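Trainee: I would like to learn how to read a structure of this kind feature by feature, with the general idea before each case. Could we go through it together?

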Amino acid sequence: MISGPTSPFPVGTLAVRVPQNHSATFRAMATEVNLHVVDGGQGTPVAMAAAEQVFRDVEAACTRFDPASPLMRANGSPDAWHEVPPLLLAAIREAYEAYVETGGLFDPRVLVTLTSLGYDRTLPFETKEVELDGAAQGEVDHPGAGDGHRPGWEPAFDLGRSAVRIGPEPIDLGGIGKGLAVRWAADALRGAGRGLLVEAGGDCAMGGDGPDGDRWLVGVEDPSGGPDPVAVLSVRDLACTTSSTRVRRWRTGGREVHHLIDPRTLEPGGHGLRAVTVVQSDPAKAEVWSKALFLLGEDGIAESAATRGLVALWVDDAGTLGHTAAAEPFIVCRAAV
Amino acid sequence: MTDTRGRAARWTGAALAAPVVAGLFAGTTAWAAGHDPLKTAAASPVPTKPAAAATATVSDATLASLRAAVAARAATVAQLSKQVAALRLQVAALNGTTGRTTTAGATSRSTSRSSGSGASSGSASKGTTTTTAKKGSSKPPAAAPPPPNTTTGASGKP
């Protein structure tokens, strides 16, 4: 659904040009997506439609909740070669780059663990507490799982044929797929106005001017559910993503679990942390690093994030807000958590 | 980054200016409270004229002058009060409302050696800062955070 312009003045009634903001909200990839263009022009609605289509296309190609999707067809026999849409091929290549860059902390092969925990379909996290009776308890059949000798992920690509061999395990592209959709949608909106915002389920990309100045103010959600952000960041031409257990958590097999699986243990990870936010120029990279840093837990996040020069903030189980020194210039306000 | 550093410089300037302005404000307020215009008039040299007439003439002129001075200073005090209030808000925003340095019950741990240089992951910038503000700890009233344009958080809205 696209609406706008939001100016209260009819076009043409004023001598000066009135800034026109365009907004769109729709659901895709199991979350709410918001698009916003500051001071757009006549071509803005077309650009916004293109941005929305990006989400539709990424969802269609990369969803794991539709057995007929190209991803799930490839997952069905991961050791075989599959010709796939270029968009899916690009997403798997990005996932592999992220796997290498993070030293395996980002690993899309955790799909088997997620499904074994009952997260094999869209669950109503946003509307109620989820409890899955009779679900498995995370005992999964990964090669080498638990003995520390799990083989590395080595997908194969044939760019000429747009083909991939994922094998031997199926993969989940949920997180990085959303980051890529935000990246590509932002690309579609670039030039459509003086500023742009793409936000999907807490992952956002901001370009150009904000609606109230030359920057965008981004609230970092309180992972304990409080109404006020734990911090407000001021950014321009950057992306912010957060990995959090606030929403996508559920009970199964008599224990509480969440969706951020540590590939080293094949269990829900991030001991001692509730949420990690990363600011990066690219939303897909930010998504990858927010997840990877989360999995390091409260004992490892500070040193790892600082060593890599990442702009990162985190909230631990005790309600402590931490951040790297690199994040300091972006923080305009901190609130009690 | 230049803009960020400029903003940091302005915040630092504001933080430094706040105590000065607060001092001015306090001093002016103390002066105004400690000076009785009538008492000042009585202490002024009085020409040797017949008592009743001299008192009436000097008191009227001096009183009017002093009243004008008091009014002017009251206006200055009011203006300084506004500046102090604005600067306090800026300092509160600069320091954060968890009170890295002022919140009771809060602890601060900083091993920062650099303020960082941006969002790129290329240059390593060591250092982290942790701010603690446990629930239930007493803390000063929090300044309202600026309304954000968007929010980053968990996947999906509650």
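Trainee: Which strands of chain A pair over seven bridges, and in which sense do they run?

Mentor: Strands here are DSSP runs of E with at least two residues, helices are runs of H or I with at least four residues, and both are numbered from the N terminus. Two strands pair if DSSP finds at least two bridges between them. In this case strand β2 (residues 22-28) of chain A pairs with strand β3 (residues 31-38) of chain A, in the antiparallel sense and over seven bridges. Within this pairing, R27(A) stands opposite E32(A) in β3(A). Before going on, note that this is a predicted model, in which local features need pLDDT of at least 70 and side-chain atom pairs count only at pLDDT 80 or more, while totals for chains, interfaces and linings use all residues. Residues are numbered from 1 along each chain as its sequence is written, and chains are lettered from A and ligands numbered from 1 in the order in which they are written.

Trainee: What is found between the two strands of the hairpin of β2(A) and β3(A)?

Mentor: The hairpin has two residues between the strands, and M29(A) there takes a positive phi near 55 degrees. A30(A), which lies in the loop between β2 and β3 of chain A, also has a positive phi, of about 60 degrees, although it is not a glycine.

Trainee: How is burial judged, and is A30(A) buried or partly exposed?

Mentor: A residue is buried if 20 or more other C-beta atoms lie within 10 Å of its own, exposed if 12 or fewer, and partly exposed in between, with the C-beta atoms placed from the backbone. A30(A) has 18 other C-beta atoms within 10 Å, and is therefore partly exposed. D39(A), in the loop between β3 and α1 of chain A, has a positive phi near 55 degrees and is likewise a residue other than glycine, but with 20 C-beta neighbours inside 10 Å it counts as buried.

Trainee: What should the length of helix α1 of chain A be, and what does the model give?

Mentor: The expected span of a helix is 1.5 Å times one less than its number of residues. Helix α1 (residues 44-62) of chain A has 19 residues and should therefore span 27 Å, which agrees with its end C-alpha atoms being 27 Å apart. Buried residues in α1(A) include M48(A), A51(A), F55(A) and V58(A).

Trainee: How do I describe the way in which two helices pack?

Mentor: Two packed helices are described by the angle between their axes and the distance between the axes. The axes are lines fitted to C-alpha atoms, for helices over the stretch in contact, and the angles run from 0 to 180 degrees between N-to-C directions. α1(A) and helix α5 (residues 174-189) of chain A pack at an angle of about 155 degrees, with their axes 8 Å apart. They are therefore roughly antiparallel to each other, given that angles under 35 degrees count as roughly parallel, over 145 as roughly antiparallel, 65 to 115 as roughly perpendicular and the rest as oblique.

Trainee: Which residues of α1(A) and α5(A) meet?

Mentor: Two residues are in contact if their C-beta atoms, placed from the backbone, lie within 7 Å. Among those that meet are A47(A), V54(A) and C62(A) in α1(A), and G177(A), W184(A) and L189(A) in α5(A).

Trainee: Where do the axes of α5(A) and helix α6 of chain A run?

Mentor: The axes of α5(A) and helix α6 (residues 283-307) of chain A come within 7 Å and cross at roughly 155 degrees, and the two helices are therefore roughly antiparallel to each other. Their meeting residues include G175(A), I176(A) and R183(A) in α5(A), with P283(A), E287(A) and K291(A) in α6(A).

Trainee: In what order do the strands of the open sheet in chain A stand?

Mentor: Three strands form the open sheet in the order β4-β7-β6 (chain A), and the pairing is antiparallel. β4 (82-83) and β6 (156-158) of chain A stand at the edges, each with a single partner strand, so one side of each is left without a neighbour in the sheet. Two bridges join β4(A) to strand β7 (residues 163-165) of chain A, and H82(A) has V164(A) in β7(A) as its bridge partner. In the loop between β7 and α5 of chain A lies P168(A), and the peptide bond from G167(A) to P168(A) is cis, with omega near 0 degrees.
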